[in-house]
Amino acid sequence: RRTRQQAWEEHQLENAVSKENIDEIYVPDSEKYEFVFDKNAMIDFTNDSDDMLDDSDAESEDSAEKEERNNLLSQLEVEEKRIKTISESRKLLPVFAYRDELMSAIKENQALIIVGETGSGKTTQLPQYLVEDGYTQGTKFQIGVTQPRRVAAMSVASRVSDEMNVILGQEVGYSIRFDDKTTANKTILKYMTDGMLLREFLIDPLLSKYACIMIDEAHERTLATDILLGLLKNIMEKRTELKLLISSATVNAKKFSKFFNDCPIFNVPGRRFPVDIHYTLQPEGNYINAAVTTVFQIHTTQSLDGDVLLFLTGQEEIENTREKIEEIALKLGNRIPQLLITPIYANLPQEQQADIFQKTPENCRKIVLATNIAETSLTIDGIKYVIDPGFVKENSYVPSTGMTQLLTVPCSRASVDQRAGRAGRVGPGKCFRLFTKHSYENDLEAMPRPEIVRTNLSNTVLLLLSLGITDLLHFPFLDKPHISTLTKSLENLYILGALNSKGQITELGKMMCEFPCEPEFAKVLHSAATHPQCNGVLDQCLSIVSMLHETTSIFVGNKKEATSHIVSDIDSDHMLYLTIYEEWRAANYSRTWCQDHRIQFKTLLRVRNIRNQLARCCDKLGLTKRNQAAIVQQAGHDNVMVGKITKSLISGFPLNVVKLTPSGYQTIGKAKGGLLVNLHPSSVIFQNQKEKGKKLDKYILYQQLMLTSKEFIRDCIPIQNEKWLFEIVPQVFNGIKGK
Ligand code: CDP
Ligand code: MG
């Protein structure tokens with residue numbers, strides 16, 4: 001029997017073409033795929049009780065179930081008719097019925113675990129109850145609510161400010177990296193990413209301005225959430241009046257309770273309608289094509305009164321799938337009812353986020369393309385069909401090589417069950433799993449692995465050390481990270497100069513913590529301003545680092561097309577980003593310049609905002625002054641300057657270097673047996689080598705390593721002189737010296 005993993009691997013193999021035709025490889029499969037919608041070509045799904053094309057599943061139920069269903073439905077209808085205002089709709093949420101019980105449980109316990117169905121009102125309502133019951137004592141204290149994802153923090157804050165009828169950013173605000181929408185002395189309810197609250201420990205280790213902290217979506221077990229739980233456990237005794245709420249899906253509740261000295265678990269019973277689960281009969285090799293097929297299968301065979309939620313793994317996949325669906329819909333024209341396609345992923349620009357909550361117009365079906373953000377963090381009303389390929393993107397860190405890869409891996413059973421549940425909120429729903437029942441029962445892991453055991457811990461270790469927590473082995477971790485990962489982190493931090501040889505945090509290490517970016521980038525900026533071999537290029541490095549931080553695409557359409565307008569002789573992605581930013585700045589940050597050069601104006605505005613914040617941080621730390629002292633008047637991007645920029649980058653990312661070998665580019669660093677990698681075809685260097693026939697660079701520094709059908713490196717700069725490696729980071733490149 002072919003397992004799903006095998007099917008996936010075969011599909012990857014089919015895609016993995018030899019070097020000669022590498023051009024083809026990054027054309028997403030869904031683009032190559034000519035889709036002809038044909039009823040005979042539909043995917044066969046199996047289901048224990050019924051056939052999806054037969055819409056009469058209600059008949060196969062026993063009458064008691066049916067009655068209960070109808071009861072629920074009519075109850076809901078009656079309730080919904082009563083909704084006139086947003087404040088009334090609050091009273092319809094399941095948590096409202098338990099308001100008093102909940103509030104007295106909170107009063108009696110310092111820590112409380114709250115378990116409830118997604119959409120029952122935990123995130124939006126509980127913090128409001130706390131405000132209503134006076135926990136903030138006017139504006140004296142704050143209520144802080146953490147979210148694993150930026151989009152969730154923003155969208156929930158916006159919803160709650162509506163419900164409370166206040167302007168977002170005043171009484172109710174949010175705080176995410178590079179975007180703080182709160183007002184000092186006024187904001188009492190603050191939604192934020194878990195990473196932001198973590199940073200607040202640096203300024204205020206007892207979190208003294210908070211009356212209550214709610215760690216939301218704790219079951220997601222992000223690294224930041226896990227560390228927060230440990231830090232909070234540490235301060236609970238000192239802050240006896242601090243209330244801690246932890247909201248979780250059922251799966252982890254007991255574990256959290258045990259961690260907080262067996263604190264009580266409050267269960268909010270929710271309403272959930274039954275969901276019919278359908279599986280494919282065969283493993284699907286290409287889940288994107290299967291998903292697109294299923295979208296049209298549902299759209300053309302199922303009644304129009306239910307929207308579709310399709311789970312995908314990331315932005316690129318979502319955008320490609322969206323194009324594919326739109327293209328087919330266009331071909332089918334008015335032979336099918338209209339489709340409204342709305343994407344949602346972590347980096348979706350704010351201006352598009354509200355779209356998913358839009359009410360679906362008449363005679364139209366909404367198709368929501370979401371990452372696992374829609375698994376529990378966001379509730380979209382009206383979903384009746386869920387399509388689940390059963391994959392998720394996960395960090396995977398290999399301590400022996402020090403490399404982090406983003407991998408697409410099968411979800412856990414807990415995740416796919418949660419996803420299926422999203423179909424049963426407004427009424428009975430259906431979930432189409434693009435894998436077999438056998439696979440569900442035998443191949444899937446029961447639970448996802450917490451991030452702390454599969455990610456690089458350098459940032460976390462640096463943060464803990466700067467908080468004075470030096471005994472890492474005895475820190476209360478919910479799940480202990482691997483010792484090898486901790487050791488590797490200490491080693492990394494030592495290489496960066498954040499720790500001294502005794503493992504103590506250095507001045508530079510403390511400085512790195514102040515930056516709202518990874519220590520590696522902070523090191524780049526620090527070197528650009530102060531390192532005797534690189535100083536004087538802080539301004540340029542600020543622009544580059546800010547451009548690298550913006551994760552949505554800078555280009556309108558294809559990068560290659562866009563860039564050919566701007567430059568002809570640029571050697572690296574970094575210098576391309578710098579040139580774009582500087583030209584835009586010279587054009588007075590103009591919108592027209594962006595249009596003329598096929599650059600996303602809004603994206604550059606965000607880059608500018610990031611840059612301003614990083615620059616302010618440099619001012620504060622005295623780096624700007626030190627840089628100015630070193631500046632030699634330079635015109636254009638001459639070689640000296642490019643060299644200095646490259647050296648600054650080496651100082652921050654010494655392990656992200658690949659070397660040309662007879663079999664291709666190979667990762668180096670201390671670990672033996674490097675990994676063979678390929679230049680991503682979108683890279684300027686790839687284009688130079690491939691199209692302009694430039695000679696291959698011996699060493700290249702990359703910013704991103706990704707694994708799709710092959711290992712790719714992205715955002716690359718050639719290292720023109722290999723001596724730089726030894727000069728800047730001798731600890732790593734000792735071996736190169738004599739050669
Ligand atoms: O946190 P939990 O999953 O328990 O529920 P919630 O996020 O507080 O959502 C409660 C209700 O608010 C749901 O019915 C959502 O549809 C609605 N909501 C919304 O309309 N817009 C948002 N941005 C967030 C929630
Ligand atoms: Mg929630």
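A crossing of two helices counts as right-handed if the near helix is turned clockwise from the far one by less than a right angle. The model I am reading is predicted.

**Entry 1: ligand 1**

I began with the shell around ligand 1. I found 16 residues there, and Lys 122, Thr 123, Thr 124, Arg 159 and Thr 379 come nearest. H7 gives the largest share, with 4 residues. I sorted the shell by class and got 10 polar, 3 nonpolar and 3 charged residues.

**Entry 2: the annotated stretch**

I looked up the record next. UniProt, in an unreviewed entry, lists residues 103-269 as "domain: Helicase ATP-binding". Over residues 103-269 I read 37% helix and 25% strand. The end C-alpha atoms of this stretch are 16 Å apart.

**Entry 3: H7 on H8**

How do the axes of H7 and H8 cross? They come within 10 Å and cross at roughly 50°. H7 is therefore oblique to H8. The crossing is right-handed. From H7, I listed Thr 123, Thr 124 and Gln 128. They meet Val 156, Arg 159, Val 160 and Glu 163 in H8. By class, the contact of H7 with H8 has 2 nonpolar, 3 polar and 2 charged residues.

**Entry 4: H18 on H19**

I moved on to helix H18, residues 458-466, and helix H19, residues 483-496. Their axes lie 9 Å apart, and the packing angle is about 75°. Angles of 65 to 115 degrees count as roughly perpendicular, so H18 is roughly perpendicular to H19. On the H18 side the contact uses Ser 458, Val 461 and Leu 462. On the H19 side I have Leu 486, Ser 489, Leu 490, Asn 492 and Leu 493. The contact of H18 with H19 divides into 5 nonpolar, 3 polar and no charged residues.

**Entry 5: H21 on H22**

My last pair was helix H21, residues 519-530, and helix H22, residues 538-549. The axes come within 8 Å and cross at roughly 160°. Are H21 and H22 roughly parallel or roughly antiparallel to each other? The angle is over 145 degrees, so I put them down as roughly antiparallel. Their crossing is right-handed. H21 contributes Phe 521, Val 524, Leu 525, Ala 528 and Ala 529 to the contact. H22 contributes Leu 538, Cys 541, Leu 542 and Val 545. In this contact of H21 with H22 I counted 9 nonpolar residues, no polar and no charged.

Methods. Residues numbered from 1 in each chain as written. Chains lettered and ligands numbered in written order. Predicted model: local features only at pLDDT ≥ 70, side-chain atom pairs only at ≥ 80, totals over all residues. Near = placed C-beta within 6 Å. Helix = DSSP H or I, 4+ residues; strand = E, 2+ residues; numbered from the N terminus. Nonpolar A, V, L, I, M, F, W, Y, C, P; charged D, E, K, R; others polar. UniProt positions renumbered as here; feature names shortened; annotations may be inferred. Axes fitted to C-alpha atoms, helices over the stretch in contact; angles between N-to-C directions. Parallel < 35°, antiparallel > 145°, perpendicular 65-115°, else oblique. Contact = placed C-beta atoms within 7 Å.
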